[in-house]
Amino acid sequence: MQSSENPSTLSQSVLYAEDAQVITAHKTSTATKEEISKYIKEVFGLAYPEAIAIFTCESGLNPYAYNPETKAKERGITRYSSCGVAQLNSSECKPDGSILFDYKTNIERAYEMYQARQWKPWYNCSKKLGL
């Protein structure tokens, strides 16, 4: 899905998902939001405006965002927590460290998910954004 809207407009109109309960793990990122946004654009290509909006909704583009209690986990859809820029649900998500806290790895895996399922893995934020 492509958007003709400016990505900064999309990002500014998005708030955290109400159910995200995102907490920050023990580390702080040295990557800037601009660097993260640039990498999202590089990986997602034409879908980058939507990707930036969704990941802003999910984590505020925080590579160390960690959510131990996701709605999907509560509903029994997954038994994993979510972490990183794209809030990927994975057994690798541990608050004391994970390869998924590397923003590039997180974004690359998110792109693989996007290729397979479009925005469905980010159901709540994509619904809020009308994607």
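Student: Buried means under 20% relative accessible area, exposed over 50%, and partly exposed in between (1.4 Å probe, protein chains only). Which residues of α5 are buried?

Tutor: In α5, Tyr 103, Thr 105, Asn 106, Ile 107, Ala 110 and Tyr 114 are buried. The model is predicted: local features need pLDDT of at least 70, side-chain atom pairs count only at pLDDT 80 or more, and totals for chains, interfaces and linings use all residues. Residues are numbered from 1 along each chain as its sequence is written, and side-chain values use heavy atoms, without hydrogens and water.

Student: What covers those buried residues?

Tutor: The cover includes helices α2 (33-44) and α3 (48-59) and strands β3 (82-83) and β4 (88-89). Helices (H or I, at least four residues) and strands (E, at least two) are DSSP runs, numbered from the N terminus.

Student: And what comes just after α5?

Tutor: Gln 118 follows, with a positive phi of about 55 degrees.

Student: How do α2 and α3 pack?

Tutor: Their axes (lines fitted to C-alpha atoms over the stretch in contact; angles run from 0 to 180 degrees between N-to-C directions) lie 9 Å apart at an angle of about 135 degrees.

Student: Which residues make the contact?

Tutor: Ser 37, Ile 40, Lys 41 and Phe 44 of α2 meet Tyr 48, Ala 51, Ile 52 and Phe 55 of α3, where contact means heavy atoms within 4.5 Å.

Student: New topic: where is confidence lowest, and where highest?

Tutor: By pLDDT, the predictor's confidence in each residue from 0 to 100, helix α1 (residues 7-12) is lowest at a mean of 34, and α2 is highest at 97. Over residues 1-23 the pLDDT is below 50. The protein's mean is 79, and 73% of its residues reach 70 or more.
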